[in-house]
Amino acid sequence: MNYRSTRGQVPDTGLAAALRAGLAADGGLYVPAALPVLGTADFAGLTDLPAIAERLLRPFFADDALAAALPAICREAFDFPAPLVPFGDGSSQLLELFHGPTAAFKDFGARFLAACLARLPAPAAAPLTILVATSGDTGAAVAAAFHRRPGFRVVILYPDGRVSPRQAHQLGCFGDNVLALRVAGSFDDCQWLVKQALADRDLQARVPLSSANSISLGRLLPQMSYYAVAALAQARASGGALDLIVPTGNLGNALAALLARAIGLPIGRVALASNANRVLPDFFAGAPYAPRASVATLANAMDVGAPSNFERLCWLYPDVARLRAAVTAEAVDDATIRATIRTVAERHGHVLCPHTACAAAVLGRLREAGDRGQWTVVATAHPAKFEMVVEPLVGRRVEPPPALAALLGRVATAEPLPADAAALRARLLR
Ligand SMILES: *Cc1c(COP(=O)(O)O)cnc(C)c1O
């Protein structure tokens, strides 16, 4: 399988090169040159996540040096479950994606990317620096996935003061080959700094860089896997398609669901749940696409004003009318996030993180409008990562899962950095 840039200004390339590059040299995002077609019959007899992932991803790895290692990569990366659990009134369910080492769905993509890159020949004598901008959860997932892997260094950029205390602790607690930089700016500034560094050829010649943001193909492709598992389970149980409500920021998670649907998996409706950053809801309501500065919300991992995967969405649906028909999007403000966390806990005993609460609020609106479909709410993080928000609302302590508790027990440090490309350049060269 070959991969091409959404901007079409560079030649097609193989998987390994696309994984290593992160962003294409023309500033575009890598996408498959062709989409394979896979139906439920292709997965006959397969039930667990690593096996389904391997079958699903095989065409995407075809003819590549990594193809033979795909089974081992899937087993290594997907060593924790993605269960579907009953939710709320009984006609909906939660797809829990937070059972990995850092308690958010980003563990799936980060671990898969790390497992791939570790099996590629080293590009240079210097270690490969994985540069990652994070609004809270990506950085920890990437740090955990690459921590103490020989040949790699991780540099995390996060918006100072805009991540939860526990998220900040997680970002700074790894040490060794992981450097945490707290940036005086927003997540969009962090993302911009990463793009500047990746586009700096002179810097790249001295410090080989790659990215691990949701623009990375090595994160996008594996995220289809849990949707495939859930959709196949649902199809086998009921014969119906999986209707999804996805908490959305940079559009990486939702795009994986749309990609899985496009290649033939039984996924039905896809609804995006945004927080008060309404760039996608406004676009899907008919306004021109207008990226803007992000605003800080309780669902901070979705505080994105310029969703980086929008280019891939336009690639998947080149016709804007068809794009608007393929997906819906709703914005959820902080007051509604709070009310949803409180009511869901009171009524159903489920404690949700603020991101998952956005999706649950969208489900509530659908129910109010008379929709009786069997929706699946995607649960993207464990509520204990956001205990400062969640605990006062539900009136009790939310116990961190063991992996998160272990990270919180370590010492954490982060260096300050101005939101300035020259400052980042100097720090990377030091
Ligand atoms: C990153 C993140 C999101 C948003 O996912 P995107 O792929 O950026 O759309 C939602 N919820 C949580 C908990 C996250 O960490």
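Modeller: Here is a short tour, topic by topic.

Colleague: Ground rules before we start?

Modeller: This is a predicted model, where local features need pLDDT of at least 70, side-chain atom pairs count only at pLDDT 80 or more, and totals for chains, interfaces and linings use all residues. Residues are numbered from 1 along each chain as its sequence is written, and side-chain values use heavy atoms, with hydrogens and water left out.

Colleague: Rings, then. How many aromatic pairs does a search of the whole structure find?

Modeller: The search gives 11 aromatic pairs. Rings of Phe, Tyr and Trp (its six-membered ring) pair if their centres lie within 6.5 Å; planes under 30 degrees apart are stacked, over 60 edge-to-face, the rest tilted.

Colleague: What kind of pair are Phe283 and Tyr289?

Modeller: Edge-to-face, because the planes stand at 85°, with the ring centres 6.3 Å apart.

Colleague: Is Phe283 buried or exposed?

Modeller: Phe283 is buried, at 4% relative accessible area. Tyr289 is partly exposed at 26%. The cut-offs: buried is under 20% relative accessible area, exposed is over 50%, partly exposed is in between (1.4 Å probe, protein chains only).

Colleague: Which kind of pair do Tyr289 and Phe310 form?

Modeller: A stacked one: 3.6 Å centre to centre, 0° between the planes. The pair links distant parts of the chain, 21 residues apart. Tyr289 sits in the loop between helix 11 (279-284) and helix 12 (310-316), while Phe310 is in helix 12. Helices (H or I, at least four residues) and strands (E, at least two) are DSSP runs, numbered from the N terminus. Phe310 is buried, at 7% relative accessibility.

Colleague: What lies over the face of Phe283?

Modeller: Arg324, at 4.3 Å from the ring centre. A charge sits over a ring if NZ of Lys or CZ of Arg is within 6 Å of the ring centre and within 35 degrees of the ring normal.

Colleague: Switching to the ligand. How many residues surround the ligand, and which are the closest?

Modeller: There are 15, and the closest are Lys106, Asp137, Gly249, Asn250 and Thr380. Near means a heavy atom of the residue within 4 Å.

Colleague: What does UniProt list for Lys106?

Modeller: An unreviewed UniProt entry lists Lys106 as "modified residue: N6-(pyridoxal phosphate)lysine". UniProt positions are in the numbering used here, feature names are shortened, and annotations may be inferred rather than shown by experiment.

Colleague: And where is Lys106 in the fold?

Modeller: In helix 4 (residues 106-117). Lys106 is buried, at 10% relative accessibility. Leaving aside neighbours within four places in sequence, Lys106 is in contact (heavy atoms within 4.5 Å) with Asp137, Thr138, Ala141, Arg219 and Ala301.

Colleague: Last one. Where does Ser135 lie?

Modeller: In the loop between strand 6 (128-133) and helix 5. Ser135 is buried, at 8% relative accessibility. A polar atom of the Ser135 side chain lies 3.2 Å from the backbone oxygen of Ala301.

Note on methods. Polar contact = N/O pair within 3.5 Å; in protein donor to acceptor, adjacent residues only side chain to side chain.
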